[in-house]
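Morning, everyone. Have a look first.

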Amino acid sequence: MKVELENLFSIDETSQDQVINVYNRHGIAIGAPELRKRNLKTKFNPIFTLNEDVTYEQVTALYESLEREFGIVSIGERFYFEFSDIEYERAPLFTLNSTGNSPEMFLEDKGTLFSLSTHCKCCGLMDKEQLSPIVIDTTQMKDRHLVHVNGYWVASEELVSLMQREKLEGYELLEVIHQGPAEGKQPAYQIIPVQMLPECSKDRVKLYFATEQPPCSCGLNGVINGPDIYHHEDLKNLKGDVFYSAECSHDGRYLYRKTLFSKRFRETIIKYGISREVRGEKDANFGPKDWLFDPVLIK
């Protein structure tokens, strides 16, 4: 696996070479990225690999130099995880990060009942327990097979039928409540895993944005977790196709447990043309309705 960090900020086009020199001076080798014009400024988005030779200290010092020498104070950051073909082939489980590079995969909750409690007084993260079926406007699903609602996956009737026909196991279904126009509404079901995975390996990569405050002492807020890593022995007796992670994730406000899916689930999605074979966000195949699975890494 390779970890890459993308920067995004605006510069004067005449400053491009000087900015590249600042990166190189801090031991971060970049070429000349594609420049995108907008008004009088140019969008500059170099991507570089984070490894033992490129540390957070170097990145922080780089940002300080860009501010001091060029007045660049607003720097966007984004991490990418790139996996080898062998990592895809070996993975028994996958994390489903997206069912399309489109905001249409996210639906607004229309009144699901939750009980709430404070998980961390420092950053304000909240625990929540679902008390009712999910409430959404199912007309917004349209022809999508799987949508994301508040950390939960909601499947179309067609996808549920396919999962049952292919004998995928390890989940329960809870029909969602429709709230919206009667015309175009459709049956939809929350997929609820019935099994929880063992804890991840401590070798899992943990990242944060150098432009932001250090992660909270709770170890959750401000932390960007790398791919799940498990020891082979911990998964060798695993059965089924849908699982909860032992670790909590969050959406910036609420905690939830991530859902992981089996290799067989992913292969089924590709076999029946629901998604093309996509390997990473930068895959040329990644379109508005393609599903993005990240492989679990095995030690």
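Helix H6, residues 263-271, lies across strand E6 (93-98), E19 and E20, at about 70° to E19. Helices here are DSSP runs of H or I with at least four residues, strands are E runs of at least two, and both are numbered from the N terminus. Angles run from 0 to 180 degrees between N-to-C directions, with axes fitted to C-alpha atoms, for helices over the stretch in contact. Contact means heavy atoms within 4.5 Å.

A word on the source. This is a predicted model: local features need pLDDT of at least 70, side-chain atom pairs count only at pLDDT 80 or more, and totals for chains, interfaces and linings use all residues. Residues are numbered from 1 along each chain as its sequence is written, and side-chain values use heavy atoms, leaving out hydrogens and water.

Now the sheet. It is open, four strands, in the order E18-E19-E6-E20, with antiparallel pairing. Pairing takes at least two DSSP bridges between two strands. E18 (242-250) and E20 (292-295) are the edges; each has a single partner strand, so one side of each has no neighbour in the sheet. Twist averages 45° from one strand to the next. E18 and E19 (residues 255-262) pair over six bridges.

Next, helix H2, residues 56-70. What span should its 15 residues have? At 1.5 Å times one less than the residue count, 21 Å; the end C-alpha atoms are 21 Å apart, which agrees. Buried residues (under 20% relative accessible area, 1.4 Å probe, protein chains only) in H2 include Tyr 56, Leu 62 and Leu 66. Their cover includes H1 (16-25) and E5 (76-82). After H2 comes Gly 71, with positive phi near 70°.

Conventions:
Buried < 20%, exposed > 50% of the residue type's maximum accessible area, 1.4 Å probe, protein only.
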